[in-house]
Amino acid sequence: MMMNMWLVIFLMFLFGNMIFVSKHKHLLIVLLSLEFMVLSIFFFLMMYLMMLDYNMYMLMVFLVFSVCEGALGLSILVSMIRTHGNDYFQSYNLI
């Protein structure tokens with residue numbers, strides 16, 4: 001049972017990385033893949049801390065930082081859509 005959970009967590013992180021690397025046309029897809037990777041890291045930390053019988057305070061700190069990261073990503077997405085009108089990476093001059 002535990003090996004299946006570790007495998008699911010690893011596959012979640014792997015799929016999130018594959019989507020992050022391959023789908024870079026829209027900013028929203030990139031942000032969703034980053035959040036999917038953060039969710040898999042959260043599950044990994046939860047399983048690891050439960051296996052060691054530690055307190056879950058570190059998970060709360062991790063959740064606070066992941067929520068701040070998500071809010072920052074959404075605010076960047078909204079400001080880019082307001083200024084450029086879409087979320088395509090090809091329409092931005094990043095240099």
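Tutor: Asp 53 is exposed, with a relative accessible area of 68%, a value that counts as exposed because it is over 50%. The model is a predicted one, and in it Asp 53 is found in the loop between α2 and α3. The backbone of Asp 53 also deserves attention: its phi is positive, about 60 degrees, although the residue is not a glycine.

Two packed helices are described by the angle between their axes and the distance between the axes. Here the axes of α2 and α3 come within 11 Å and cross at roughly 180 degrees. Because angles over 145 degrees count as roughly antiparallel, α2 is roughly antiparallel to α3. On the α2 side, the residues that make the contact include Leu 27, Leu 34, Val 38, Phe 42 and Leu 49; on the α3 side, they include Met 58, Leu 59, Phe 62, Gly 70 and Met 80. Sorted by class, the residues in the contact of α2 with α3 are 17 nonpolar, three polar and two charged.

Some of these residues also belong to the largest nonpolar core, which has five residues: Val 38, Phe 42, Leu 49, Leu 59 and Phe 62. Both α2 (27-52) and α3 (57-84) supply at least two residues of this core, and α2 gives the most, with three. Apart from its neighbours within four places in sequence, Leu 49 is in contact with Tyr 54, Asn 55, Met 56, Met 58 and Leu 59.

The UniProt record can now be set beside this picture. In an unreviewed entry, UniProt lists residues 6-22, 29-51 and 57-81 under "transmembrane region". In the model, residues 57-81 are 100% helix and 0% strand, with 37 Å between the end C-alpha atoms. Residues 6-22 are likewise 100% helix and 0% strand, and the end C-alpha atoms of that span lie 24 Å apart.

Finally, consider another aspartate. Asp 87 lies in the segment after α3. Asp 87 is buried, with a relative accessible area of 13%, whereas Asp 53 is exposed at 68%.

Definitions and conventions. Residues numbered from 1 in each chain as written. Predicted model: local features only at pLDDT ≥ 70, side-chain atom pairs only at ≥ 80, totals over all residues. Heavy atoms only, no water. Core = buried A, V, L, I, M, F, W, Y, C linked by side-chain atoms within 4.5 Å. Buried < 20%, exposed > 50% of the residue type's maximum accessible area, 1.4 Å probe, protein only. Helix = DSSP H or I, 4+ residues; strand = E, 2+ residues; numbered from the N terminus. Contact = heavy atoms within 4.5 Å. Axes fitted to C-alpha atoms, helices over the stretch in contact; angles between N-to-C directions. Parallel < 35°, antiparallel > 145°, perpendicular 65-115°, else oblique. Nonpolar A, V, L, I, M, F, W, Y, C, P; charged D, E, K, R; others polar. UniProt positions renumbered as here; feature names shortened; annotations may be inferred.
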